[in-house]
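Dear colleague,

Please read the notes beside the coordinates.

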Amino acid sequence: AWAGAGGEVHGVLTFVYDPHRRGLTDKLPRVQHNRFVHILCTQHVHLDHDHCLETIVLRGTPGEIERMALEIGGLKGVSFAELAR
């Protein structure tokens with residue numbers, strides 16, 4: 001259904017990152033403020049001193065959601081990122 005979707009779909013992006021990585025906490029909100037992807041809900045969890053976990057519920061076109069997931073996953077300091085479709 002995701003691949004053939006012509007309109008909006010929903011997904012959940014889960015990622016783990018180092019909050020002490022220089023500049024990362026400034027880049028994450030910039031990536032998330034994409035005018036084509038709507039953030040419906042976020043959850044932020046402190047796993048330990050060096051790792052935070054975030055989940056983001058997203059609504060948008062499949063291509064735009066995947067683009068955002070790849071951009072967040074490619075940031076230095078992000079150690080894990082997975083998009084559930």
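Three salt bridges, each a side-chain nitrogen of Lys or Arg within 4 Å of a carboxyl oxygen of Asp or Glu, turn up in a search of the whole structure. This is a predicted model, in which local features need pLDDT of at least 70 and side-chain atom pairs count only at pLDDT 80 or more, while totals for chains, interfaces and linings use all residues. Residues are numbered from 1 along each chain as its sequence is written, and side-chain values use heavy atoms, with hydrogens and water left out.

Glu8 pairs with Arg59, their closest N and O atoms being 3.3 Å apart; this links distant parts of the chain, since Glu8 sits in the segment before β1 and Arg59 in strand β3 (residues 51–60), 51 residues apart. Strands are DSSP runs of E of at least two residues and helices runs of H or I of at least four, numbered from the N terminus.

Glu64 and Arg67 meet at 2.5 Å, N to O, and, being three residues apart in helix α2 (residues 62–73), they are separated by about one helical turn. Glu66 and Arg85 form a salt bridge at 3.4 Å, N to O; Glu66 lies in helix α2 and Arg85 in the segment after β4 (78–84), so the pair ties together parts 19 residues apart in sequence.

As for disulfides (a pair of cysteine sulfur atoms within 2.5 Å), the count is zero, because the sulfur of Cys41 is 17 Å from the closest cysteine sulfur, in Cys52, too far for a bond.

Best regards
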